[in-house]
Amino acid sequence: MQNVAAGGEGSEWVAARGRLVRQVALPRYDPRHAHETSPGMGMKRFLADLKRRQVFKIAAMYGAAGFVVVEAADVFVPALRLPAALTTAIALLVILGFPIALVIAWAFELTPEGVRRTDEAKPGELEAIAAEKASRRWPIGLAALVGIGLISLTGWWLVNGQIGEGRSYRSIAVLPLANLSDSAEFDFFADGLAEELLNALAGVDSLRVAARTSSFAFKGKDVDVRAIADSLGVETVLEGSVRRSSDRVRVTLQLIEAEGGFHVWSEQYDRPLDDLLALQDDIAGAVMSALLPRLRGANEAHVVGGTMDVEAYDSYLVGRQKWHTREIPLLREAVEHFRFAVARDSDFALGWSGLADAIDALAWRESAALDLVPEGRAAAMRALVLEPELAEAWASLGVIEAEFARDFVIGEHALRRAVELKPSYAHAQQQLGGLLRNTGKVDEALVHLEAAVRLDPLSALIHSGYALGLLLRGDTAAAAEHWRRAAEISPQTVARDLVWRAAQLGFSPEEAAEAAERWATVEGFDDPAAWRLVGRAMVEPSERPAAFAFLASRQNLSDFTRHKLELGLGDHEAAIRYLQGEQLVESGSLYRIGMDPEYDPLRDDPRFVAMVRGLGVPNGYDAEAGAPIWLP
């Protein structure tokens with residue numbers, strides 16, 4: 001070996017080897033550039049080239065701008081009453097344009113000389129970009145991801161039908177339709193159509209519909225739609241008008257988004273004036289077909305239990321209006337209106353339910369009407385025979401069974417069925433909450449009472465019922481607030497509650513005096529300021545002798561009102577005598593005494609104990625334990 005290496009042949013071999021190495025030109029290993037040959041370098045160079053060609057920047061800007069354009073179209077297209085398909089077309093163009101924009105960004109660049117093809121990267125340029133600090137590389141990449149996410153969200157909305165039909169909503173109020181006709185007699189058609197739409201919408205799953213009491217409170221008032229929606233706690237408002245001309249009728253309707261005041265949808269219906277109720281049903285069906293795609297969770301809606309008899313339906317509407325007042329003279333008239341309605345059409349299930357409700361409300365307030373209770377129970381049963389799925393009829397039966405038959409099991413079952421069939425029926429939510437509260441299930445009761453307040457925020461009765469539940473739970477401040485709200489809505493009905501509950505609500509003598517004066521003013525009593533004495537006496541025992549003397553001189557008080565005032569002033573004997581009289585006539589309101597805290601001073605009286613035992617209700621409520629007090 002030594003000879004070869006040193007000889008001529010060895011020298012020639014070394015020279016040949018050197019030539020071979022130079023021809024192959026293998027790079028020498030340099031640890032400073034080891035990353036350039038690593039497996040991930042190809043992806044890094046690609047990402048660096050995307051950045052160099054402004055693709056990331058275009059993705060971020062296009063995604064954000066495209067999303068804004070689609071959102072604006074989703075709002076302004078319906079507001080300007082343009083075809084809904086225009087929004088779909090805009091969204092589709094934005095989505096299809098995204099990959100085109102990225103390809104153009106890759107292939108071309110904008111220079112001072114104009115648009116030209118992007119040059120290839122210079123030697124080492126991509127490596128330099130890839131070697132930049134993360135703080136310089138990541139922001140544009142994240143922005144691009146956001147842009148891609150926005151475009152993807154737009155595509156998802158398009159696929160799922162949330163673009164092109166406008167936004168979807170969870171709550172609505174149906175306002176009474178304005179009668180623009182020359183004849184006031186056409187009011188019944190306008191009100192009937194609004195009520196038909198309200199009842200149909202109330203049957204839609206996952207949609208909260210403001211109750212008639214609250215939405216019709218704005219009839220004839222010039223109030224901004226957004227203010228109405230805020231008062232009723234809804235996202236949308238359906239309003240419109242009815243105009244009769246010659247032998248035709250024109251109905252104009254608009255669905256308005258409360259937050260922005262935009263018209264989401266509007267339509268005008270012109271129909272011949274042949275059959276008003278058939279026309280009403282036709283328009284209601286057309287409106288529902290247009291509205292349902294815009295109402296979240298809506299799949300179907302229908303009204304059951306109606307009539308095709310114009311006079312029967314007109315009488316039914318008037319009866320409901322008078323029933324809502326809960327005033328004894330008007331309740332008597334409501335009974336007659338419902339009787340007329342079912343006499344005209346014996347298959348009118350809603351009419352039978354209305355008759356049951358009117359009799360119940362009247363008998364609850366006037367002992368002379370207790371003889372009508374069997375007729376009311378039969379009316380509720382008749383309605384259910386005609387329409388087994390009629391929520392109103394289940395509610396009618398549940399209330400009568402609980403209040404007059406003292407069958408709390410059947411009453412609760414019937415009311416739960418009513419709520420199940422129509423969750424937006426505020427009356428059913430209120431009555432179920434009241435039954436649960438009066439039988440000791442306060443926590444569950446508050447769930448339904450709160451739902452009733454949301455559905456019918458302008459109902460004094462619902463606010464006062466919720467207030468009593470809050471008082472039982474020990475939330476005195478909230479209870480007082482809801483009673484005050486109820487008194488603002490209906491002073492004639494609720495203002496007196498703030499007087500006889502003054503001590504329970506923690507009023508000061510001055511607050512109680514002011515409440516008494518306000519109530520006396522509402523009632524039209526002589527010298528309302530003199531009633532301040534009674535208010536102070538509710539919280540100041542030293543004032544009670546003078547207050548009793550004052551009440552003795554007042555002969556125009558109802559037995560119920562006098563009983564409540566005497567109970568608040570501490571005349572327990574007078575309170576027991578009154579309750580015994582109610583027990584003899586089997587008053588429907590009597591079963592409330594078990595839980596109402598105003599009767600707490602009587603809980604140890606053997607006569608009172610016998611009453612609650614006979615009623616099958618608790619003898620008070622332990623707020624700390626959160627449980628009713630049942631007698632052994």
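A nonpolar core is taken here as a set of buried Ala, Val, Leu, Ile, Met, Phe, Trp, Tyr and Cys residues joined through side-chain atoms within 4.5 Å. The views below are all drawn from a predicted model.

**View 1. The largest nonpolar core and the surroundings of leucine 565.** The largest nonpolar core holds 112 residues, and those that touch the most other members are Trp483, Trp531, Leu565, Leu579 and Ile593. Helix α14, which spans residues 349–365, gives the most to this core, with 10 residues. When neighbours within four places in sequence are left aside, leucine 565 is in contact with Val499, Trp500, Trp519, Trp531, Val534, Met538, Leu551 and Leu557. A second, separate core consists of 29 residues, among them Ile172, Phe189, Val249 and Val251.

**View 2. The aromatic pair of tryptophan 519 and tryptophan 531.** In the model as a whole the count comes to 11 aromatic pairs. Tryptophan 519 and tryptophan 531 form one that is edge-to-face, with 5.3 Å centre to centre and 80° between the planes. Tryptophan 519 belongs to helix α24 (residues 509–523), while tryptophan 531 is in the loop between α24 and α25 (532–539), and the two are 12 residues apart. Both tryptophan 519 and tryptophan 531 are buried.

**View 3. The aromatic cluster that includes tyrosine 313 and phenylalanine 348.** Ring pairs link Tyr313, Tyr316, Phe338 and Phe348 into a cluster. Within the pair of tyrosine 313 and phenylalanine 348 the rings are tilted, at 6.4 Å centre to centre and 40° between the planes. Because tyrosine 313 lies in helix α12 and phenylalanine 348 in the loop between α13 (328–344) and α14, the pair ties together parts that are 35 residues apart in sequence. Tyrosine 313 and phenylalanine 348 are both buried.

**View 4. The second largest pocket and its lining.** This pocket has a volume of about 900 Å³, and of the 37 residues that line the pocket, Arg212, Thr213, His324, Thr325 and Asp456 are the closest to its centre. Two or more lining residues come from each of α8 (187–202), α9 (212–215), α12 (310–325), α18 (426–438) and α20 (460–473), and α12 supplies the largest share, six residues. By residue class, the lining divides into 16 nonpolar, 11 polar and 10 charged.

**View 5. Alanine 625 in its loop.** Alanine 625 lies in the loop between β9 (621–622) and β10 (627–628). Its relative accessibility is 55%, so alanine 625 counts as exposed, the cut-off for that class being over 50%. Alanine 625 and arginine 473 are 152 residues apart in sequence, and their C-alpha atoms are 9.9 Å apart in space.

How values were computed:
Residues numbered from 1 in each chain as written. Predicted model: local features only at pLDDT ≥ 70, side-chain atom pairs only at ≥ 80, totals over all residues. Heavy atoms only, no water. 1 Å grid on protein atoms, 1.4 Å probe; cavity = no way out; pocket = protein on both sides within 12 Å on 5 of 7 lines; lining within 4 Å. Points joined across faces, edges and corners; volume = space filled by probe spheres on them. Helix = DSSP H or I, 4+ residues; strand = E, 2+ residues; numbered from the N terminus. Nonpolar A, V, L, I, M, F, W, Y, C, P; charged D, E, K, R; others polar. Buried < 20%, exposed > 50% of the residue type's maximum accessible area, 1.4 Å probe, protein only. Contact = heavy atoms within 4.5 Å. Phe/Tyr/Trp six-rings, centres within 6.5 Å; stacked < 30°, edge-to-face > 60°.
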